[in-house]
Amino acid sequence: MLRTTSLRTLGLGLSLAALATFAAACSDSSDDSSSTGSKTASTAPDSADSGSKPDSGSKPDSSPKPDSGSKSDSGSKLVLKTAKGSAGIWLTDPAGRTLYLNTEDKKTASNCYDACAKKWPPLTTTKPVTVSGKYTVPSNLGTIKRTDGTKQVTYGGHPLYYYTGDTAPQQIRGQGIDNKWFLIGPIANIMNGSKP
């Protein structure tokens, strides 16, 4: 005997299948897919993008390692991105590692060397630099020359740094340390408590 299926049951099944397909397609989107721009600049840690969520509770076990630009692909670029979390929207490197600014820096020079630079490694590169993500402004990219001759990436005139206490993508453990280290927002805003 032939079994009949109602149109209502068939419609529900098709609707659920369409919803599952739509959800799978949308689950890979993020805030860092808007405008991009390019400027020549200076160094970055080398790793793939990660979807980790911000974490401020685990113990540090490693620090970012600057890339000396030794990749054989001469067309490589350093692409700064944005991350979004409880603090708002902030800049990261290509691997999602959070970038900070030091309010004691001058727009034309870094104020962080020696012991400071060991705890707060500068973002330097020999590659062209671009930025993508929600609210970013490519014309804010630039570089400054450090005393060792390397070029440090700047955004909105602020030299950019990592914090060695951040051991995974999108961690923000350096936020507010010594009341001078802060996240940098996509419009080059100092994120000292207000969201962009």
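Before the first stop, one cut-off: a residue counts as buried when its relative accessible area is under 20%. Keep in mind, too, that you're looking at a predicted model.

**Stop 1: β5.** Select residues 128-132, which make up strand β5. By that cut-off, four of its five residues are buried, so the strand is largely enclosed by the rest of the structure. To see one of the pairings, show Val79, whose bridge partner in β5 is Thr130.

**Stop 2: the β6-β7-β8 sheet.** Next, pick out an open sheet of three strands, in the order β6-β7-β8 with antiparallel pairing. Colour β6 (141-145) and β8 (158-159): these stand at the edges, and each has a single partner strand, so one side of each is left without a neighbour in the sheet. β7 covers residues 151-155, and it pairs with β6 in the antiparallel sense over five bridges. For a landmark on that pairing, show Gly142, which stands opposite Thr154 in β7.

Stay here and click on Gln152, which lies in strand β7. Is Gln152 buried or exposed? Its relative accessibility is 0%, so Gln152 counts as buried.

**Stop 3: the β4-β9-β10 sheet.** Move on to another open sheet, where three strands come in the order β4-β9-β10, again with antiparallel pairing. Its edge strands are β4 (100-102) and β10 (190-191), each pairing on one side only. Select residues 181-184 for β9, which pairs with β4 through three bridges in the antiparallel sense. Zoom in on Asn102 and you'll find it opposite Trp181 in β9.

**Stop 4: colour by confidence.** The protein chain averages 74, with 60% of the residues scoring at least 70. Which elements have the lowest and highest mean pLDDT? Strand β1 (residues 36-40) is the lowest at 38, while helix α2 (residues 115-119) is the highest at 98. Then select residues 9-74: pLDDT stays under 50 over that stretch, for which the model has 133 contacts beyond four places in sequence.

Terms used:
Residues numbered from 1 in each chain as written. Predicted model: local features only at pLDDT ≥ 70, side-chain atom pairs only at ≥ 80, totals over all residues. Heavy atoms only, no water. Pairing = 2+ DSSP bridges. Helix = DSSP H or I, 4+ residues; strand = E, 2+ residues; numbered from the N terminus. pLDDT = per-residue confidence, 0-100. Contact = heavy atoms within 4.5 Å. Buried < 20%, exposed > 50% of the residue type's maximum accessible area, 1.4 Å probe, protein only.
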